[in-house]
Amino acid sequence: MQQTTPPDRTTEAENVFGLITPEDWYRIPLQPPEHREASVNALIKRQFAGVDDQPVLRRKAEEQLLGAAEKGADGGGVVLYLSFLEAAGIPLSASLLISRLHQRFDSLDAVAALAGKGEVAPVRLPAAGRAARRRRSERTREARRMGTEFEDTIVEYFVPVPDRDEVLMLTFSTPLEPIADAMAELFDAVAGTLRWRNRTQESRGQQG
């Protein structure tokens, strides 16, 4: 992992978060909408560079990406990452949606209720401190539509935002069920880089 993502500046929260992701993960800010659309357009332009004879495919891809980004934003999402990693020429498809939920993280039971179905386990992240983790499998509507037999593997982290009644939710997902354990290890490594920065401290650091 080499790409250090810029601090989140999508809310007025006193604390902002930073994360280190693999260099081939593409970052789409979900707020404000114009930034979201510009980022999706830039991604489509990059992915279809030199391809001028596939206007229908290009338009469909753009509509799907915008739809996924808008859905994430509607659920409190602030940032969406898409993986373009490859191993031996095979795409390692994955996504990460980061959301801010206005809920108090006062106990593991409260987070379990927030998460819904599935067992939630307490964990401690190296820099961000206490959190809760859940791993589950889900057969998505897209998978059913395509007729694939695999389920998506989803790893979720719930992290309390310092000094606020708010939870940062990291939702990792991959359709690569045969290598789900390896992908989950990657997701855990990314989550482990989460850190908090105070806006005031950050401004002072930039001035210095």
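This is a dialogue on how to read a few features of a predicted model.

Visitor: Where does Thr171 lie, and is Thr171 buried or exposed?

Guide: Thr171 lies in strand β12, which covers residues 167-174. Buried means under 20% relative accessible area. Thr171 has 16% relative accessibility, so Thr171 counts as buried.

Visitor: Which residues does Thr171 touch?

Guide: Leaving aside residues up to four places away in sequence, Thr171 touches Ser95, Leu96 and Leu97, and also Ile154, Val155 and Glu156.

Visitor: How should I read the side chains along a strand?

Guide: In a regular strand, side chains alternate between the two faces of the sheet. For a case of covering, take strand β4, residues 25-29: four of its five residues are buried.

Visitor: Which strand does β4 pair with, and in what sense?

Guide: Strand β4 pairs with strand β5, residues 77-83, in the antiparallel sense, over five bridges. Within this pairing, Pro29 stands opposite Val79 in β5.

Visitor: What is the idea behind a salt bridge, and how many salt bridges are there?

Guide: Side chains of opposite charge can pair when their charged atoms come close. The cut-off is a side-chain nitrogen of Lys or Arg within 4 Å of a carboxyl oxygen of Asp or Glu. By this rule the model has seven salt bridges.

Visitor: Which residue forms a salt bridge with Glu166?

Guide: Arg100 does, and the closest N and O atoms of the two are 2.7 Å apart. Glu166 lies in the loop between β11 and β12, while Arg100 lies in strand β8 (residues 95-101), so the pair ties together parts that are 66 residues apart in sequence.

Visitor: Are Glu166 and Arg100 buried or exposed?

Guide: Glu166 is buried, with a relative accessible area of 4%. Arg100 also counts as buried, at 6% relative accessibility.

Visitor: Which residue forms a salt bridge with Asp188?

Guide: The partner is Arg133, with the closest N and O atoms 3.0 Å apart. Asp188 belongs to helix α5 (residues 180-191) and Arg133 to strand β10 (residues 129-138), so this pair ties together parts 55 residues apart in sequence. Asp188 counts as partly exposed, at 27% relative accessibility.

Visitor: Which residue forms a salt bridge with Glu156?

Guide: Glu156 pairs with Arg136, the closest N and O atoms being 3.2 Å apart. This pair links distant parts of the chain, with Glu156 in strand β11 and Arg136 in strand β10, 20 residues apart. Glu156 is buried, with a relative accessible area of 3%, whereas Arg136 is partly exposed, at 23%. Salt bridges that share partners join Arg134, Arg136, Glu138 and Glu156 into one network.

Visitor: How do I read a nonpolar core, and how many residues has the largest one?

Guide: In soluble globular proteins, nonpolar side chains tend to be buried together. Here the largest nonpolar core has 28 residues. Those with the most contacts inside this core are Leu96, Ile98, Val159, Leu168, Leu170 and Phe172. At least two residues come from each of β5, β8, β11, β12 and α5. The largest share, five residues, comes from α5.

Visitor: Which residues does Leu96 touch?

Guide: Beyond four places away in sequence, the residues Leu96 touches include Leu19, Trp25, Val79, Leu80 and Tyr81. Leu170, Thr171, Phe172 and Val190 are also among them.

Definitions and conventions:
Residues are numbered from 1 along each chain as its sequence is written. This is a predicted model: local features need pLDDT of at least 70, side-chain atom pairs count only at pLDDT 80 or more; totals for chains, interfaces and linings use all residues. Side-chain values use heavy atoms; hydrogens and water are left out. Buried means under 20% relative accessible area, exposed over 50%, partly exposed in between (1.4 Å probe, protein chains only). Contact means heavy atoms within 4.5 Å. Two strands pair if DSSP finds at least two bridges between them. A nonpolar core is a set of buried Ala, Val, Leu, Ile, Met, Phe, Trp, Tyr and Cys residues joined through side-chain atoms within 4.5 Å.
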